[in-house]
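Please open the model in a viewer and keep the sequence panel at hand.

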Amino acid sequence: VFGLRCSTSSQASSMLAFIVSLVAYTDPAEELYGIWERNMGTNRETKLQTQYHFAYAQHLAPYRTRNNVTLLEIGANTGDSLYAWSEYFSEPGATIWGMRYGVSDSRMKKCRAGAANCAKVHIHDGDQSSARDLRALVAAAFGDAFKAPATLANHEWRRAGYDVIIDDGSHVPAHILFTFTELFPMLRPGGVYVIEDNAFSYADKPTTAYGYRVGHRGGIGRPTTDNAVERFKALADIVNREECFQDLDIVIFSEAIDRAVFQVAFVSGLVFVWKKTAAQQAGLAGIPSLRWTSHANGPALQEYKRFLEAGKHVGEAAAP
């Protein structure tokens, strides 16, 4: 760079701007970590010790520049994580919603993200294991009349729907599955749904999570309502269906939810589920039938169906 000659003042200015940008570069994960440190006060240890900032910085980066991005976090607690998200999604049109449960106004932390960012934050009280409360949350954000549009191409998605949903609530697997079934349909096309802190899916002995009993039917490899991770693992077969197994006739959450899932990713403690865009859905649906898919409908499939059914893994997520 330093050996280049600039023949005009505009070229010199461009080169200087480029050099300044290199010097000013901040690693995206470090930037998010710093935002959490500034906003989360005494609660920052859990969020930071899990090292979630690496995955979040990678997967949420495309949403930072979206117009009027809307984020929902289940498990608002004392509000500090919402304030952090309001700074991270710094576009003026961003809206940050949080659902809190059992936390009084007097326990809420003061927002330190700046007046403009703090004004983006809205908090709704409710229980994530209650369909009525989850639907009231959606109504508070988008109006009583809002229902998830039947198609991904519907123009109504421009007006309403979440771009990012984060479940950092009770961490009870049955609650996680129930909340996903209720709220994933409210995610905009191309949006992402994130589940944090999935350790209780691996509990194979009775224990408690925030006062709830868990682990009596869970454990690694057990596809029950006490193991949310196994349910999301099964979506791997769903996202492969269009090319690899077009006549696969299992249902993991619901036919509509399954057909809308584009991608699933697992990062330590986290699950990310992306919703298709209309273009992705149309393109994948147009994949021609491939000759080798006819060899997949055999005894292994029947055995897998029995395995899923034995774990109450097929169909709608059971309410807690």
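**Stop 1**

Select R135, which counts as exposed at 52% relative accessibility (exposed means over 50% relative accessible area, buried under 20%, and partly exposed in between, with a 1.4 Å probe and protein chains only). The model is a predicted one, in which local features need pLDDT of at least 70 and side-chain atom pairs count only at pLDDT 80 or more, while totals for chains, interfaces and linings use all residues. Residues are numbered from 1 along each chain as its sequence is written, and side-chain values use heavy atoms, with hydrogens and water left out.

Because E182 belongs to helix α8 (residues 173-183) and R135 to helix α7 (residues 131-142), the pair ties together parts that are 47 residues apart in sequence. Helices are DSSP runs of H or I with at least four residues, strands are runs of E with at least two, and both are numbered from the N terminus. E182 counts as buried, at 16% relative accessibility.

**Stop 2: a helix and a loop**

Select K305 and D249, another salt bridge, whose closest N and O atoms lie 2.6 Å apart. K305 sits in helix α13 (residues 299-310) and D249 in the loop between α10 (241-244) and α11 (255-260), so this pair ties together parts that are 56 residues apart in sequence. K305 is buried, its relative accessible area being 16%.

**Stop 3**

Select R38 and E87, a salt bridge with its closest N and O atoms 2.5 Å apart. Since R38 lies in helix α2 (residues 28-40) and E87 in helix α5 (residues 80-88), the two tie together parts that are 49 residues apart in sequence. R38 is partly exposed, at a relative accessible area of 48%, whereas E87 counts as buried at 18%.

**Stop 4: a network**

Select R66, D163 and R188 together: a network of salt bridges links these residues. How many salt bridges are there by this rule? The count comes to twelve.

**Stop 5: the whole chain**

Finally, select the entire chain and colour it by secondary structure, which comes to 13 helices and nine strands. Of its 320 residues, 48% count as buried.

Note on methods
A salt bridge is a side-chain nitrogen of Lys or Arg within 4 Å of a carboxyl oxygen of Asp or Glu.
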